[in-house]
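This briefing takes up strand pairing, salt bridges, charged surface patches and backbone angles in turn. Please keep the sequence and the structure at hand while reading.

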Amino acid sequence: MRGLASFLAGLPFAALLIGPGERIAGVNAAAREMLGHAIEGRHFLTALRQPDMLEAIEATLRDHTPRKTTYHTSDAGRESTYKVHVAHVETDETSGVLVCFEDMTEREQAAQMRRDFVANVSHELRTPLTALLGFIETLQGPARHDEAAIDRFLGIMQVEASRMERLVRDLLSLSRVEGEERVRPREAINLSEVLGSVVYMLRPLARDSGAELVFEPIEDTAVPGDADQLQQVFTNLIENAIKYGGTGNRVTITLDRHPKDPALRLPAGVVRVADTGPGIDPLHVPRLTERFYRVDTHRSRQMGGTGLGLAIVKHIVNRHRGRLRIASTPGAGSEFTVILPLWSA
Ligand code: ADP
């Protein structure tokens with residue numbers, strides 16, 4: 001058919017036409033990539049193998065009614081899903097069945113992520129809720145007049161309720177940061193000042209955990225930023241360094257300027273938060289910024305963690321057009337580096 005190749009080439013998705021003799025009369029580049037390079041000219045039954053799709057094509061060839069079906073591929077471990085639209089078409093010269101492939105992979109992955117997220121949140125909330133309900137029942141029943149037990153149980157209930165409160169606060173903060181990710185922050189923020197105030201606030205926690213906190217402020221270093229969010233980034237990183245550092249831990253916070261940072265190709269402010277704790281197995285490092293990912297869930301819960309801290313850090317750093325780097329040597333400690341473009345007047 002004249003013009004068929006250019007018509008198919010103009011479509012923004014994989015497509016092919018089954019023409020006279022039920023043979024494949026035309027295929028565009030995307031469909032060739034997906035189905036193989038030698039399918040043109042072959043009978044569709046020998047070229048396309050998935051039964052659902054073959055059935056839909058056969059039926060549409062017969063009754064000219066449009067149909068939809070799905071097509072799955074697995075290429076180099078990557079699973080893809082397509083919605084396939086099968087429709088009878090007629091031109092002045094010929095008639096046939098047009099088969100178009102709509103790539104649903106990203107949409108399916110997003111839906112799966114949403115389902116996983118809801119399942120995770122529900123699970124995280126259910127654990128403290130179950131504990132709270134159990135203690136309420138005990139307080140109403142067997143422990144009704146036991147003063148010592150009442151005190152102890154109320155203490156535990158407070159811990160569990162605070163855990164839920166922290167989780168809800170982190171969830172809200174994550175959703176706000178995600179919502180603003182495309183809006184560039186515009187205020188000039190002095191990193192040295194932000195770090196100074198975070199370190200000041202976390203000194204009591206460090207003291208209670210037996211960690212030494214080392215920070216030498218340097219001259220003013222301004223970045224375009226959102227003060228609250230940057231405060232949150234460094235609070236999360238320094239708090240983690242204190243929490244997971246174990247005994248005899250030293251947390252060192254440094255701020256440097258790079259005239260031209262290799263990652264950003266711009267003048268940058270570089271903040272490093274290093275601890276001398278047990279470190280993190282390299283296996284876990286790439287996944288630490290996923291929501292609810294923890295190396296040791298039990299330990300994180302014990303420390304009051306929600307598993308959302310580093311996910312929040314990553315989103316805030318992205319919003320600031322910066323980079324987050326995590327390096328760790330098991331047994332020797334971890335280093336979290338935040339690289340932010342400097343303020344240019
Ligand atoms: P959490 O609320 O569990 O602390 P985060 O997202 O802040 O959640 O951190 C995810 C996980 O990364 C933690 O559960 C912990 O296993 C690990 N982690 C984070 N910072 C450190 C650190 N400085 N040293 C060792 N492990 C760390």
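Strand S7 (residues 212-215) and strand S9 (residues 250-261) pair in the parallel sense over four bridges, where pairing requires that DSSP finds at least two bridges between two strands. The model is a predicted one, in which local features need pLDDT of at least 70 and side-chain atom pairs count only at pLDDT 80 or more, whereas totals for chains, interfaces and linings use all residues. Residues are numbered from 1 along each chain as its sequence is written, and side-chain values use heavy atoms, with hydrogens and water left out. Helices (H or I, at least four residues) and strands (E, at least two) are DSSP runs numbered from the N terminus.

**Strand S7**
- Glu212 has Arg250 as its bridge partner in S9.

**Salt bridges**
- There are 14 salt bridges, each defined as a side-chain nitrogen of Lys or Arg within 4 Å of a carboxyl oxygen of Asp or Glu.
- Glu124 and Arg294 form one of them, at 2.8 Å from N to O; Glu124 lies in helix H5 (residues 105-140) and Arg294 in the loop between strand S10 (266-274) and helix H9 (297-302), so the pair ties together parts that are 170 residues apart in sequence.
- Both Glu124 and Arg294 are buried, and together with Arg301 they are linked in a network of salt bridges.
- Arg319 and Glu180 meet in a salt bridge at 3.3 Å, N to O, which links Arg319 in helix H10 (residues 309-319) with Glu180 in the loop between H6 and S6, 139 residues apart.
- Arg319 is buried at 6% relative accessible area, whereas Glu180 is partly exposed at 26%.

**Charged surface patches**
- Arg182, Arg184, Arg186 and Arg321 gather in a positive surface patch; patch residues have over 30% relative accessible area and no salt bridge, with like charges joined within 9 Å and nonpolar side chains (Val, Leu, Ile, Met, Phe, Trp, Tyr) within 5 Å.
- Glu22, Asp52, Glu55 and Glu58 form a negative surface patch, and within this group Asp52 is found in helix H4.

**Positive phi angles**
- Glu22, in the loop between strand S1 (14-18) and strand S2 (24-27), has a positive phi of about 60 degrees although it is not a glycine.
- His64 likewise has a positive phi, of about 65 degrees, and is found in the loop between helix H4 (51-63) and strand S3 (67-75).

Note on methods: Areas by Shrake-Rupley, 256 points an atom, 1.4 Å probe, with all protein chains shown as cover. Lys, Arg positive; Asp, Glu negative; His and termini not counted. Charge placed at Lys NZ, Arg CZ, Asp CG, Glu CD. Buried < 20%, exposed > 50% of the residue type's maximum accessible area, 1.4 Å probe, protein only.
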